[in-house]
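Please look over the sequence and the model below before reading the briefing that follows. The notes are grouped by topic.

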Amino acid sequence: MPAAPFTFIDLFAGIGGMRMGFETTGGRCVFTSEWNPFARTTYTANFSETHPIAGDIREQSEDAIPDHDLLLAGFPCQPFSIAGVSKKNALGRPHGFACATQGTLFFDVARILAARRPRAFLLENVKNLVGHDHGRTFRVIRQTLEDELGYHISWRVLDAAHFVPQHRERILIAGFREPTPFSLDDLLLPPSRPKLRAILHPENGNEVPEEPYTLSPRGAVNPKYTLTKHLWGYLQAYAAKHRAAGNGFGFGLVDGDSVARTLSARYYKDGSEILVSRGPKQTPRRLTPRECARLMGFPDGFRIPVSDTQAYKQFGNSVAVPVIAAVAHAMRPWLAPGASQTTHSHRANPRILLPATAAIR
Ligand SMILES: C[S@@+](CC[C@H](N)C(=O)[O-])C[C@H]1O[C@@H](n2cnc3c(N)ncnc32)[C@H](O)[C@@H]1O
């Protein structure tokens, strides 16, 4: 096998959305951690493994993780229980962040970065990470990554609607061990906004049927995805009640010209955030799992070996692959071993490293 230009590890891997984005640039995954058995089933069905999938990341020793150029992690957002990593705290301690982040899954990301020192990382999270716990969560994360671990970071909230017909705002945090002329702020986004028509089953014979999602002979969507009159009536009444109370919540009825709301992991419950209109005389339907895959930018060859419930959860938890692929292409020149990195960031504020950083190196 020819040497890959760079290697990476896939933490909180889910169904491998981040991996897929970075594989488009020729990266090779050398370690995966995901503990959910259903996500592991989907992951294994889609990536020919050269390594077994590790389970709970909290139980993986950092010493057992292979060397890698890049760490990928879409870690769950959790509050930190005590005051942030003060500079005083960090000074003279190799792992000051441990006090502030112990018991959270970000701690596991930090301890692996501290031990393995990959040249870069990309972290993904909900947009709300910045405001979470009155800004404290993000402050601790920044202090840990920048002041303690000495990485040069940039972050940006990106809306997947530039790539797929779905509003999905997620924060990405990119970090480089050395000063590097890379900033997420410089990423150019396509101006066009795709419409839902691009991912809906056409139901006109132009698509090969894929059971159980669409049926022969013309690829009509399986009626099991159509809402019962009872559920549709309930959702309408619920929305009307909230409208009357001045609340904006309710279902999201879409058609081919729409851009969908964010697909959530709870879509399996009633599908109310994205309901496909079937005209005034019929009740709407949910997206099929295949349409959810497309809405997240997964190619049609992506295998869905799990139940609809699990598939909805997995796609709702995943990343929009084209967003990650765009970031991967922008980061790619700086990921390979020997990639030339400058001593000056072209950003206005090259960051100053604290002495604690030197202790870790
Ligand atoms: C937000 S999802 C990330 C999805 C992923 N980026 C993708 O493209 O599918 C977070 C994932 O972390 C996994 N997870 C949570 N805690 C974990 C732990 N302690 N060890 C390993 N995986 C964990 C969850 O099962 C879930 O699949």
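Predicted model: local features only at pLDDT ≥ 70, side-chain atom pairs only at ≥ 80, totals over all residues.

**Overall make-up**
- The chain has 12 helices and 11 strands, where helices (H or I, at least four residues) and strands (E, at least two) are DSSP runs numbered from the N terminus.
- Of the 361 residues of the chain, 42% count as buried.

**Strand β1 and its partner**
- Thr7, Ile9 and Leu11 on one side of β1, and Phe8 and Asp10 on the other, are all buried, which leaves both faces covered.
- β1 runs parallel to strand β2 (residues 28-33) and is joined to it by five bridges, two strands being paired if DSSP finds at least two bridges between them.
- Within this pairing, Leu11 stands opposite Ser33 in β2.

**The nonpolar core**
- The largest nonpolar core has 82 residues, and Leu71, Leu72 and Met296 are those with the most contacts inside it; such a core is a set of buried Ala, Val, Leu, Ile, Met, Phe, Trp, Tyr and Cys residues joined through C-beta atoms within 7 Å.
- Helix α11 (residues 321-331) gives this core its largest share, eight residues.
- At least three residues of this core come from each of domain 1 (7-190 + 319-360) and domain 2 (201-286), with bounds taken from an automatic or database domain assignment.
- Leaving aside residues up to four places away in sequence, Leu71 touches Phe8, Ile9, Leu11, Ile112, Leu113, Pro118 and Phe121, contact meaning that the C-beta atoms of two residues, placed from the backbone, lie within 7 Å.

**Helix α10**
- In helix α10 (residues 308-317), the buried residues include Gln310, Tyr312 and Phe315.
- The cover over the buried residues of α10 includes α2 (37-46), α8 (267-270) and α9 (289-295).

**Around the ligand**
- The ligand is surrounded by 20 residues, of which the closest are Phe12, Gly14, Gly17, Gly74 and Ser318; a residue counts as near when its C-beta atom, placed from the backbone, lies within 6 Å.

Conventions: Residues numbered from 1 in each chain as written. Buried ≥ 20, exposed ≤ 12 C-beta atoms within 10 Å, placed from the backbone.
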